[in-house]
Amino acid sequence: MKHNDALDRAMASVPASAQNIIHALDSLSIFTGKTVAWLYIPMVAALVFEVVMRYAFHAPTIWSMDVAVTLYAINFMISSPYCLQTGGHIRMDFFYNNWSVRRKATMDLIMYILFYFPVHIVFLYVGFEFFWESFTTGERSIMSPWMPLLWPMKIAIPISLVIMLTQGISEVIKCWFRRKTGENLWSTEEVLEDETTQVAGN
């Protein structure tokens, strides 16, 4: 109870404008992540269709694997911000888990400013050029007899990087207030624990 009271007081000290920004940016990552998750359905359908055609009718397709790979690539790229928002990316947990909230927030803040944003901005520039060249030249895959267009897959690169940058802004704001309050505000661990408890209770 005392811990919850401390969290409530810490959250109350966060300006409403900051909370609104975090909510908006997190919502974008959550929406895109959950939306592209639906791509698994046509991806699996394409793979199942290929297996049936290949082994049941001895008539393999020339397009199903390309469709599956393209859908997987789009899903992987655009769901990355959602993974960041939910705390699913890998850390050096052996050291990190033993640190205080303030120390974690301080280190995260330094890493975001020194490495995360510069690297993602460079990747965005290169990724957009990568997509634009593919789009303007009508680039096609030479690895497949179907030779599908590649830009529908490559456009996922700049889209995902833009959302990664916006999610990074949300994470920096969270780190700032975690460092300021010493409380684990917006903790994904607590959300996961609550969901696990609800499932177990049902």
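**Entry 1. Helix α3**

I began with arginine 54 and glutamate 50, which both lie in helix α3 (residues 40-55), four residues apart, about one turn of the helix. Helices here are DSSP runs of H or I with at least four residues, strands are runs of E with at least two, and both are numbered from the N terminus. The model is predicted: local features need pLDDT of at least 70, side-chain atom pairs count only at pLDDT 80 or more, and totals for chains, interfaces and linings use all residues. Residues are numbered from 1 along each chain as its sequence is written, and side-chain values use heavy atoms, with hydrogens and water left out.

I looked up how the side chains of arginine 54 and glutamate 50 meet, and found a salt bridge of 2.6 Å, N to O. A salt bridge means a side-chain nitrogen of Lys or Arg within 4 Å of a carboxyl oxygen of Asp or Glu. Side chains of opposite charge can pair when their charged atoms come close.

I then checked burial for the pair. Buried means under 20% relative accessible area, exposed means over 50%, and partly exposed lies in between (1.4 Å probe, protein chains only). Arginine 54 counts as partly exposed because its relative accessibility is 35%. Glutamate 50 has a relative accessible area of 5%, so it is buried.

**Entry 2. Other salt bridges**

I noted that the structure holds four salt bridges. One of them joins the side chains of glutamate 139 and lysine 154 at 2.7 Å, N to O. Glutamate 139 lies in the loop between α7 and α8 (151-154) and lysine 154 in helix α8, so this pair ties together parts that are 15 residues apart in sequence. Glutamate 139 is partly exposed at 28% relative accessible area, and lysine 154 is buried at 9% relative accessibility.

I also found a salt bridge between the side chains of glutamate 171 and lysine 174, at 3.1 Å, N to O. Both residues lie in helix α9, three residues apart, about one turn of the helix. Glutamate 171 counts as buried at 7% relative accessibility, and lysine 174 is buried with a relative accessible area of 2%. Salt bridges that share partners join Asp26, Glu171 and Lys174 into one network.

**Entry 3. The loop between α7 and α8**

I looked up arginine 140, which lies in the loop between α7 and α8. Arginine 140 is partly exposed, with a relative accessible area of 42%. Not counting residues up to four places away in sequence, arginine 140 touches Met147, Pro148, Leu149 and Leu150. Contact means heavy atoms within 4.5 Å. I also noted that arginine 140 and tryptophan 151 are 11 residues apart in sequence and 8.2 Å apart in space, C-alpha to C-alpha.

**Entry 4. Cores**

Which residues make up the largest nonpolar core? I found nine: Leu84, Leu109, Tyr112, Tyr116, Phe117, Met164, Leu165, Val172 and Cys175. The elements that give two or more residues to this core are α7 (101-137) and α9 (156-181). A nonpolar core is a set of buried Ala, Val, Leu, Ile, Met, Phe, Trp, Tyr and Cys residues joined through side-chain atoms within 4.5 Å. In soluble globular proteins, nonpolar side chains tend to be buried together.

Leaving aside neighbours within four places in sequence, cysteine 175 is in contact with Ala105, Asp108, Leu109 and Tyr112. A second, separate core has eight residues, including Leu7, Val14, Ile22 and Phe177.

**Entry 5. Cysteines**

I searched the whole structure for disulfides and found zero. A disulfide is a pair of cysteine sulfur atoms within 2.5 Å. Is cysteine 175 buried or exposed? At 2% relative accessibility, cysteine 175 counts as buried, while cysteine 83 is partly exposed at 26%.

**Entry 6. Surface and whole chain**

I found a nonpolar surface patch with about 1000 Å² of accessible area together, and among its residues are Met107, Ile113, Phe115 and Val126. Patches are made of residues with over 30% relative accessible area and no salt bridge; like charges are joined within 9 Å, and nonpolar side chains (Val, Leu, Ile, Met, Phe, Trp, Tyr) within 5 Å. Isoleucine 113 is found in helix α7 and counts as exposed at 51% relative accessibility.

For the whole chain, I noted 10 helices and zero strands. Of its 202 residues, 33% count as buried. Among contacts between residues at least 6 apart in sequence, 74% join residues at least 24 apart. The chain exposes about 13000 Å², of which carbon and sulfur atoms supply 69%. Accessible areas come from the Shrake-Rupley method with a 1.4 Å probe, and for residues only the protein chains shown count as cover.
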